[in-house]
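Q: I'm new to this one, could you walk me through it?
A: Gladly; here it is.

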Amino acid sequence: MTHGYGMTEEHVANATAEFDSERNIKELHRALLSTQGVAEFLHEMAILAARLVSGGLSCGMIARPDGKPAAVACSEPLAGRVDEVQYELDDGPCLHAMRDGRMVRIEDTAEKAHWPEFEAQAAAHGIRSCLALPLNADGKPVGAINLYAREASAFGAAEARLAENFAENASGALSLAIRLASHAALIEQLRSSLASRGVIDQALGIIMAREHCTQDRAFAILRSASQNGNVKLRDIARAVVTSVTGEPLRPAPPFEDGWPR
């Protein structure tokens, strides 16, 4: 079948998919820039998924940061409660989507056709249908999105396509968010390392002056005090410096201030 200007249904579908993808990417980029940390970003993702796929949906998100699936975000409390049912049973569509890496759909929880116990409890919460999709980060399954609807058969071909499109774009955004979080953690570790090195160097200078010894000998003295007192080296160094200055050390300036630009 052709539409106006000689466009076929396939052309229309492709154009619509491209528009949906651009909209998803735009919204996800906005969320990535406006949120503080991965946890807040995941919460915003859950809200976006529920809103962009179809009206009246709830969305829950699970992840397994330490190997065990756990709820990490939801668009509203209802989704969180139904997600918890899956964790208690260790079974359900979202867990299967994450473990198998494929989309899972329940047309009507009243039929209890796939996961009877989960579907019975979901129906008791007012959920009639759901759609679960895996989330990947750097090519590895890290979680899943679970979309819930209060009507049966709420996820037709159009909704499934929108959800798959969103999950694909969300996976890329999640990979970036995790990398940024890792980078921020590395910066903090470097900042702490530099601060510790600075106070240790100051303490070594003080010991060298007091004992009239080499830097290696001063470090051996400092390390021995740390081991004998079961106190971290930087804390011993801080105490040495404070004993001379009479004042507690001030926080080191921001790491970025001294970083080459």
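This is a predicted model: local features need pLDDT of at least 70, side-chain atom pairs count only at pLDDT 80 or more; totals for chains, interfaces and linings use all residues.

Q: Okay, so is arginine 105 buried, partly exposed or exposed?
A: Arginine 105 has a relative accessibility of 29%, so it counts as partly exposed. Its side chain meets that of glutamate 107 in a salt bridge, at 3.8 Å from N to O, and glutamate 107, at 35% relative accessibility, is partly exposed too.

Q: How many salt bridges does the structure hold?
A: The structure holds 6 of them. Among them is one between the side chains of aspartate 100 and arginine 102, at 3.9 Å from N to O; aspartate 100 is partly exposed with a relative accessible area of 45%, and arginine 102 is partly exposed with 47%.

Q: What about arginine 238, which residue does it form a salt bridge with?
A: Arginine 238 forms a salt bridge with aspartate 235, and the closest N and O atoms are 2.8 Å apart. Both residues sit in helix α8 (residues 233-245), and because they are 3 residues apart there, about one helical turn separates them.

Q: Let's change topic, how many helices and strands does the chain have?
A: The chain has 8 helices and 5 strands, and along the sequence they follow the pattern α-α-β-β-α-α-β-α-β-β-α-α-α.

Q: And in what order do the strands lie in the sheet?
A: The 5 strands form an open sheet in the order β2-β1-β5-β4-β3, with antiparallel pairing. Strands β2 (70-74) and β3 (104-106) stand at the edges with a single partner strand each, so one side of each is left without a neighbour in the sheet. On average, neighbouring strands of this sheet are turned by 25° against each other, direction ignored.

Q: How many bridges join β5 to β1, and how many to β4?
A: Strand β1 (residues 58-63) is joined to β5 by 6 bridges, with alanine 63 standing opposite glycine 143 in β5. Strand β4 (residues 129-137) pairs with β5 over 9 bridges, and there leucine 133 stands opposite isoleucine 145. The hairpin of β4 and β5 has 2 residues between the strands, and aspartate 138 takes a positive phi near 55° in it.

Q: Why is β5 described as largely enclosed?
A: Of the 10 residues of strand β5 (residues 140-149), 7 are buried, so the rest of the structure largely encloses it. Helix α4 (residues 93-100) lies across β1, β3, β4 and β5, and runs at about 150° to β5.

Q: Which residues touch the most other members of the largest nonpolar core?
A: They are Cys59, Met61, Ile145 and Leu147, in a core of 28 residues. At least two residues of this core come from each of α2 (37-53), β1, β4, β5 and α6 (157-211), and α2 gives the largest share, with 9 residues. Apart from this core lies another one of 20 residues, among them Tyr87, Val104, Ile106 and Tyr148.

Q: Going back to leucine 147, what is it in contact with?
A: Leaving aside neighbours within four places in sequence, leucine 147 is in contact with residues including Ala49, Val53, Cys59, Leu131, Leu133, Phe155 and Ala163.

Note on methods. Residues are numbered from 1 along each chain as its sequence is written. Side-chain values use heavy atoms; hydrogens and water are left out. Buried means under 20% relative accessible area, exposed over 50%, partly exposed in between (1.4 Å probe, protein chains only). Helices (H or I, at least four residues) and strands (E, at least two) are DSSP runs, numbered from the N terminus. Two strands pair if DSSP finds at least two bridges between them. Axes are lines fitted to C-alpha atoms, for helices over the stretch in contact, and angles run from 0 to 180 degrees between N-to-C directions. Contact means heavy atoms within 4.5 Å. A nonpolar core is a set of buried Ala, Val, Leu, Ile, Met, Phe, Trp, Tyr and Cys residues joined through side-chain atoms within 4.5 Å. A salt bridge is a side-chain nitrogen of Lys or Arg within 4 Å of a carboxyl oxygen of Asp or Glu.
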